[in-house]
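Please look over the sequence and the model shown here. The report below describes a few local features of the fold.

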Amino acid sequence: MAFLTLKNVSKVFGNTTAVEDFNLEVEKGEFVSFLGPSGCGKTTTLRMIAGFELPTSGIITLDGEDITYKSPNQRNVGMVFQSYALFPNLTIGQNIGFGLQVRKMPKEEMEKRIDEMLSIVHLEAHKNKYPHQLSGGQQQRIALARALAINPRVLLLDEPLSALDAKIRVELRLEIRRIQQEMGITTIYVTHDQEEALLISDRIVVMSQGLIEQVGTPDKIYNYPSNEFVAQFVGQLNLLPITDVDLENGKCLLAGQEVRFEHTPGRIISESPRLAIRPEELQIGTGEGRNALKGRVESALFLGAVVRLRVDIGGVFLSADFFNERSRTLPHSGDEVVISFPEYSCWVM
């Protein structure tokens, strides 16, 4: 049986349905991210697991126990907020030990636990400092240590890195994953950052307008999106209008040029079908597969590690990404090019 289960969980605020028929099973020690745009219901779902919001309907169980309507202090879950929520008048050690003090842990045992948590987040030298004396990244580590100090059954993180700058976010997301794996704690992580979710998750729950769009491992979510929303929200994607779609034989026309794709018999095609392909799957010149489209480079955008070409294929524009290699010469605006890609890299939406 799954360690954490949400069955048919919904939450309604007045006339607004924030979460609808949410079903998920999380295994013990698993790291699951809720990914989606603002207002999709991911934080509301997290708060229902924590007990800060009560479901309108449905059941939440944790380690076989029904916690649907239990108060937060009866659930033994750890919560890390976006705003850190540290007590400014308490030292770092006192902040970490706050939950332990509430639980009336013996002082000697509590100090040992505080020191253990400081060691895990690599901030041993800051025990007697106050929050304002630490950087934002250090404060968030303390918030994480405080949540873990009570030895929670589940760790919940609500966009904990969104207030930090990019470099610190990259460092801390790896720290969070390291600590989670080291402690083997079941973790639910809310984010709107697709790269973050892909990097640190065992599984990702993609949400939109209160509904689950897809649940899967990062590679499945990225390489095999279940619908157009997931395909566009996770990573860059070309969605190109096509005609004369032949599903049985796996071919169609893109701006009058034939494209081959892996055949998908039995699927129903909409009135406005589109071909989906990731920019990194495209190559300049004749390459793998039977697809070779003639076009003209409209622009070349330098993005650091990647150069993105925008290519006009007979009035249809597609983006193609290439690594920024110093020895490589890429075409310029106005150049005629051939863009090729294998059949397995594209699919009909």
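The model is predicted, so local features need pLDDT of at least 70 and side-chain atom pairs count only at pLDDT 80 or more, while totals for chains, interfaces and linings use all residues. Residues are numbered from 1 along each chain as its sequence is written, and side-chain values use heavy atoms, with hydrogens and water left out.

Helices (H or I, at least four residues) and strands (E, at least two) are DSSP runs numbered from the N terminus.

Contact means heavy atoms within 4.5 Å. Leaving aside neighbours within four places in sequence, Leu-123 is in contact with Leu-118, Gln-138, Arg-141 and Ile-142. With residues up to four places away not counted, Ser-201 touches Phe-31, Ser-33, Arg-177 and Pro-218.

A polar contact is a pair of N or O atoms within 3.5 Å; within protein, one must be able to donate a hydrogen and the other to accept it, and residues adjacent in sequence count only if both atoms are side-chain atoms. The side chains of Ser-201 and Ser-33 make such a contact at 2.6 Å. A polar atom of the Ser-201 side chain also lies 2.6 Å from the backbone oxygen of Ala-197.

**The sheet**

Two strands pair if DSSP finds at least two bridges between them. Three strands form an open antiparallel sheet in the order 11-15-21. Strand 11 (238–241) and strand 21 (346–348) are the edge strands, each pairing on one side only. Strand 11 is joined to strand 15 (residues 274–277) by four bridges, and Pro-241 stands opposite Arg-274 in strand 15.

**The cavity**

On a 1 Å grid over the protein atoms alone, a cavity is a set of points where a 1.4 Å probe fits but cannot get out, and lining residues have an atom within 4 Å of a point. Grid points are joined across faces, edges and corners, and a volume is the space filled by probe spheres set on the points. The structure holds one cavity of 30 Å³ or more. The largest cavity has a volume of about 60 Å³. Helix 6 (166–183) and helix 5 each supply at least two residues of its lining, and helix 6 gives the most, with four residues. The lining residues include Arg-141, which is also in contact with Leu-123.

Definitions and conventions. 1 Å grid on protein atoms, 1.4 Å probe; cavity = no way out; pocket = protein on both sides within 12 Å on 5 of 7 lines; lining within 4 Å.
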